[in-house]
Amino acid sequence: MKLETLAIHAGTKITDSHRPAVQPITLATTFEHHEDSVIYSRAANPNRNALENVLAKLEHGKVAAAFSSGNAAGMSVFQALAPGSHIIAPDDMYHGLRNQLLEIFRGILHVDFVDMTDPENIKKALKENTKLVWIETPSNPLLKISDIRAISKIAKENDSIVVCDNTFATPVFQNPLLMGAGIVMHSTTKYLGGHSDILGGALIGKEKNGFWDKIRNVQISGGAVPSPFDCYMLTRSIKTLPYRMKGHAEHAGIIATYLDNHPNVEKVYYPGLKNHLGHQIASNQMTGFGGMLSFLVKGNADRADEVISKLQFFTNATSLGGVESLIERRAASEGPETKTPQNLIRVSVGLEHLDDLLDDLDNALH
């Protein structure tokens with residue numbers, strides 16, 4: 001099955017005797033003991049099984065585990081590591097997971113943050129106890145591009161696990177498992193959910209091995225699992241993912257070009273632009289450049305806030321990946337420890353009519 005067909009059919013497992021075309025929601029928390037049956041909803045649920053099946057197939061993996069949030073998914077990887085393990089992570093790692101490593105796992109795990117746009121930085125950071133290399137490409141919020149193949153090769157030679165946060169790209173535009181990564185992570189809240197109304201996260205494994213068993217144990221024993229209703233909603237939303245992503249990427253590419261030529265914009269971060277430092281690598285490992293972009297408005301934080309306040313069709317809100325356009329001054333959301341420029345505006349380009357979005361930006365930037 002091709003991507004669009006997988007998205008529609010791989011998440012449907014009919015368990016109802018009436019044979020509905022859409023899998024119903026199974027709200028039960030416990031089930032009658034029976035051979036090969038689901039026993040307890042924290043361990044498994046028909047709707048979660050269906051969701052994990054479609055996620056695994058979309059990412060070309062063997063196994064998948066769904067969680068109640070992206071942070072819970074990422075945390076399960078860190079929890080599966082032995083105390084004292086060393087992690088190499090991006091210098092602009094998503095701040096929620098970065099804060100986990102610096103605060104929750106402080107003294108338990110050791111981490112070095114490096115600029116992953118140059119694989120040589122990873123070679124230099126490797127230690128005997130490096131167990132995990134975490135990739136985020138495109139990154140949040142600077143849209144940095146990391147070479148998945150090159151980094152995976154370096155990590156494999158050190159017997160380190162590679163996990164790639166594929167939230168921005170989605171399986172529509174990038175498949176890290178086919179390029180050497182061992183596990184893919186998603187905040188399913190974002191593009192996979194696609195409508196800003198579901199909280200969730202997921203991990204997809206290239207194979208079922210000992211480390212994956214530890215992650216599965218964290219999922220079941222820790223209990224940070226999505227509800228049957230959320231699994232149902234996510235599976236429903238994934239059916240339109242390939243077509244939504246085409247629209248997001250088309251709009252983002254045109255808006256990025258518009259901003260790149262605007263006199264009141266200092267710099268644009270979008271891998272689809274030929275002047276982006278990671279454009280060539282992105283072209284080699286992505287089939288589309290996604291719907292996320294960031295730009296530096298000329299001026300300070302106050303000027304960035306002023307631009308945002310004038311917009312009509314871009315909602316000033318955190319998160320991304322919905323059908324509606326979202327915008328925010330990212331440093332204001334990341335807090336006082338942020339390294340993001342104060343005049344950086346992050347945009348999740350939605351599916352409104354492109355002319356309305358361009359007119360809106362034009363009015364705000366003048």
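Me: Which residues line the largest cavity?
Reply: The model is a predicted one. By the rule applied, one cavity of 30 Å³ or more is counted, and about 30 Å³ of space lies in the largest cavity. Its lining consists of Pro-90, Asp-91, Asp-92, Met-116, Thr-117, Glu-136, Lys-144 and Ser-146.

Me: How many charged residues are in the lining of the largest cavity?
Reply: Asp-91, Asp-92, Glu-136 and Lys-144 are among the lining residues, and Asp, Glu and Lys count as charged. Two nonpolar and two polar residues also belong to the lining, and the number of charged residues is four.

Me: Which residues does Met-116 touch, not counting residues up to four places away in sequence?
Reply: Met-116 takes part in the lining of the largest cavity. Met-116 is also listed among the residues with the most contacts inside the largest nonpolar core. Residues up to four places away in sequence being left out, Met-116 touches Ile-88, Ala-89, Pro-90, Ile-122, Val-133, Trp-134, Ile-135, Ser-146 and Ile-151.

Me: Is Cys-164 buried or exposed?
Reply: A residue counts as buried under 20% relative accessible area. The relative accessibility of Cys-164 is 0%, so Cys-164 is classed as buried.

Me: How many disulfides are found in the whole structure?
Reply: Cys-164 is buried at 0% relative accessibility, and Cys-231 is buried at 1%. A disulfide would require a pair of cysteine sulfur atoms within 2.5 Å. For the whole structure, the number of disulfides found is zero.

Me: Which residue is joined to Pro-138 by a cis peptide bond?
Reply: Most residues other than glycine have a negative phi, and most peptide bonds are trans. Pro-138 is placed in the loop between β4 (130-136) and α6 (148-157). With omega at about -10°, the cis peptide bond joins Pro-138 to Thr-137.

Me: What is the omega of the cis peptide bond that joins Asn-140 and Pro-141?
Reply: Pro-141 is located in the loop between β4 and α6. The peptide bond that joins Asn-140 and Pro-141 is cis, with an omega of about 15°.

Me: What is the phi of Arg-19?
Reply: Arg-19 is found in the loop between α1 (3-9) and α2. Arg-19 counts as exposed because its relative accessibility is 58%. Although Arg-19 is not a glycine, its phi is positive, at about 55°.

Me: Where does Asp-159 lie?
Reply: Asp-159 has a positive phi, near 55°, in a residue other than glycine. Its relative accessible area is 68%, so Asp-159 is exposed. Asp-159 lies in the loop between α6 and β5 (161-165).

Me: Is Asn-275 exposed, partly exposed or buried?
Reply: Asn-275 has its place in the loop between β8 (265-269) and α11 (279-285). Exposed means over 50% relative accessible area and buried means under 20%, with partly exposed in between. The relative accessibility of Asn-275 is 48%, so this residue is partly exposed.

Me: Which residues are in contact with His-95, leaving aside its neighbours within four places in sequence?
Reply: His-95 belongs to helix α4 (residues 95-104) and is partly exposed at 22% relative accessibility. His-95 and Glu-334 are 239 residues apart in sequence, yet their C-alpha atoms are 6.7 Å apart in space. Beyond its neighbours within four places in sequence, His-95 is in contact with Arg-330, Ser-333 and Glu-334.

Me: What distance separates the C-alpha atoms of Ala-317 and Ile-327?
Reply: Ala-317 lies in the loop between β10 (314-316) and β11 (325-329), and its relative accessible area of 25% makes it partly exposed. Apart from residues up to four places away in sequence, Ala-317 touches Leu-326, Ile-327 and Glu-328. Ala-317 and Ile-327 are 10 residues apart along the chain, and the separation of their C-alpha atoms is 6.0 Å.

Notes. Residues numbered from 1 in each chain as written. Predicted model: local features only at pLDDT ≥ 70, side-chain atom pairs only at ≥ 80, totals over all residues. Heavy atoms only, no water. 1 Å grid on protein atoms, 1.4 Å probe; cavity = no way out; pocket = protein on both sides within 12 Å on 5 of 7 lines; lining within 4 Å. Points joined across faces, edges and corners; volume = space filled by probe spheres on them. Helix = DSSP H or I, 4+ residues; strand = E, 2+ residues; numbered from the N terminus. Buried < 20%, exposed > 50% of the residue type's maximum accessible area, 1.4 Å probe, protein only. Contact = heavy atoms within 4.5 Å. Core = buried A, V, L, I, M, F, W, Y, C linked by side-chain atoms within 4.5 Å.
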